[in-house]
Amino acid sequence: MAAFDVRFFIDTFLIALTGIPVTLILSVIPFLIAIPLGIGIAFLRLKKVIGASQLFAVYSSFALGTPLIIQIYLCYYVLPKALAEFVKFLGIGIDIYAIDPIFYALLVFTFNTTASMTETFRSALNAVDQGQHEAGLAVGLSGFRSFSRIVMPQVFLIALPNMATTAVNLMKGTSLAFVMAVHDVMAKARIEGIYSYKNIESYLGAFIIFFILCFVTERLFKLLESRLNAPWRKGNQAKGGEVEVAL
Amino acid sequence: MIEIKNLSKSFGSHHVIRDISLTINDKEVVALIGPSGTGKTTLLRCINFLTCGDKGEISMGGLTVDCRKHSRYNLLNLRRKSAMVFQNYNLFQNKTALQNITEGLIYAKGLKKPEAEKRACVELEKVGLADRAYDYPHRLSGGQQQRVAIARAMALDPEVILFDEPTSALDPEKVGEVLLAIKRVAREGITMIIVTHELDFARNVASRILFMDEGIILEDGAPDEVFQTPKNERTKRFMQNYNNDFIYNI
Ligand SMILES: Nc1ncnc2c1ncn2[C@@H]1O[C@H](COP(=O)(O)OP(=O)(O)OP(=O)(O)O)[C@@H](O)[C@H]1O
Ligand SMILES: [Mg+2]
């Protein structure tokens, strides 16, 4: 085996760095979409809305109970075929195979992340006493106001640590996007490795980049948590004066 | 004036409220007593529609709402005519004592923030907690939290305040301060319905006692009447237990 090629390592590292925007797109967009969807689905499930509740229970166990890589393959290989058939059936002249694969990647990561987000908000909504909402209604707030001003700020704070875990898992998961021919950090490193046979140098670069990205993400959530360091949480020292918690 | 007409409510096959009709006049202080599980809490919750009755009508301050057909708008308006003090306080955990009171004033009554705060301070003063205005609920004792809840209810100037066992979650030594605060409210001439197991207090503060058992109001009268010469057999037995307890206490 050849000695570690420092020069090559630096070169591929720089190439892999150019994949960061794609990795961030694949992480941030599904995460942001998953928040409102997750809240909505969690709500439907807690309210036991007939039909929707069962449907999303199946969805959750499917999305969380199967390997991500299989979901990706299914989405990438089966979905375009199905869409193409569908388009042909409708007689519209759209070339499904011309769609940028990043859309399939966004779709599958959103699908997967929404399921974790649903679970996160389901338990957070459960953790807030029903009496909080009732007290809101009893003082004459509308259902929406009571929910958004009283219940949700408490829900978000409870959900935050799990949201951080979900974000990091999502970011790690995006490294599988290379199988969909999406050029993220992992794909770029991998291509260099394959052509040069210098796998160690290539993957080490990707490893370092992902480590830093995940570390920063985790720190950002920690920062957010201490920023929201709500004085109303048990165990926190209450500050005197008027402290409005902005959420 | 509050009018309840032919109110019924079941949970599954369990008939909790059985065709109750009741009129409560302005400034009456009504104590609702009775054995556990007979529907007292349910009756209170039906009045402000936290629980929706199956059948019947609730009227309050000129607004009548039918349990079977009501708009969201009517519900909101009906709720805005009443206030409630819960057994376990239910102060908004993410709001200070002051904000707990201003929340409804600003978002339900439409007051400007400074006015709302001024009003909130007045009410906090009345329950002796002016110095705790900026504390969050978890920093207050149970008795203090319940006094804030009373101030929150008072500030809304409701037609009626509904109390659901306001002292039963409290340590015995904190009960007194809350009862005192309720007595003050009573003296201000606000209509109140108080569900309580504190029979001495009921007798002392109420102008009218309702005894409820198995979803029916069995006894309705002045305190002395109900406590000393109850008409119904069940009430007699309930009162006897109470009097026995009373003797044991001595
Ligand atoms: N949401 C609900 N679902 C099903 N059953 C309920 C519900 N709420 C109350 N019940 C039942 O209705 C009956 C009356 O309950 P309620 O809470 O009104 O009694 P209560 O008179 O307030 O009793 P207590 O003095 O113990 O507070 C009880 O048997 C209770 O189990
Ligand atoms: Mg009760």
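Q: Hi! Is A:S27 buried or exposed?
A: In this predicted model, A:S27 is buried, because its relative accessible area is 5% and anything under 20% counts as buried.

Q: What is the rest of chain A made of, how many helices and strands?
A: Chain A has nine helices and zero strands. Its C-alpha atoms fill a box of roughly 70 × 55 × 30 Å along the principal axes. Of its 247 residues, 43% count as buried.

Q: Switching to the surface: which residues form the nonpolar patch?
A: The patch is made of A:F4, A:V6, A:I10, A:L14, A:L17, A:I200, A:L204 and A:F207, and together they have about 720 Å² of accessible area. Two elements of chain A give two or more residues each: α1 (6-17) and α9 (199-227). Helix α1(A) gives the largest share, four residues.

Q: What about A:I200, how exposed is that one?
A: A:I200 belongs to helix α9 of chain A. It is partly exposed, with a relative accessible area of 46%.

Q: How exposed are A:D5 and A:K198?
A: A:D5 is partly exposed at 22% relative accessibility, and A:K198 is partly exposed at 28%.

Q: And chain B, what does B:K5 pair with?
A: B:K5 forms a salt bridge with B:E57, with their closest N and O atoms 3.8 Å apart. B:K5 lies in strand β1 (residues 2-11) and B:E57 in strand β4 (residues 55-60), so this pair ties together parts 52 residues apart in sequence.

Q: What does B:K9 do, and is B:K9 buried or exposed?
A: The side chain of B:K9 meets that of B:D54 in a salt bridge, 3.6 Å from N to O. B:K9 is buried at 10% relative accessible area, while B:D54 is partly exposed at 35%.

Q: Last one: how do helices α3 and α5 of chain B pack?
A: Their axes are 9 Å apart and meet at an angle of about 25°, which makes α3(B) roughly parallel to α5(B). The crossing is right-handed.

Conventions
Residues are numbered from 1 along each chain as its sequence is written. Chains are lettered from A and ligands numbered from 1 in the order in which they are written. This is a predicted model: local features need pLDDT of at least 70, side-chain atom pairs count only at pLDDT 80 or more; totals for chains, interfaces and linings use all residues. Side-chain values use heavy atoms; hydrogens and water are left out. Patches are made of residues with over 30% relative accessible area and no salt bridge: like charges are joined within 9 Å, nonpolar side chains (Val, Leu, Ile, Met, Phe, Trp, Tyr) within 5 Å. Accessible areas come from the Shrake-Rupley method with a 1.4 Å probe; for residues, only the protein chains shown count as cover. A salt bridge is a side-chain nitrogen of Lys or Arg within 4 Å of a carboxyl oxygen of Asp or Glu. Buried means under 20% relative accessible area, exposed over 50%, partly exposed in between (1.4 Å probe, protein chains only). Axes are lines fitted to C-alpha atoms, for helices over the stretch in contact, and angles run from 0 to 180 degrees between N-to-C directions. Angles under 35 degrees count as roughly parallel, over 145 as roughly antiparallel, 65 to 115 as roughly perpendicular and the rest as oblique. A crossing is left-handed if the near helix is turned anticlockwise from the far one by less than a right angle, and right-handed if clockwise.
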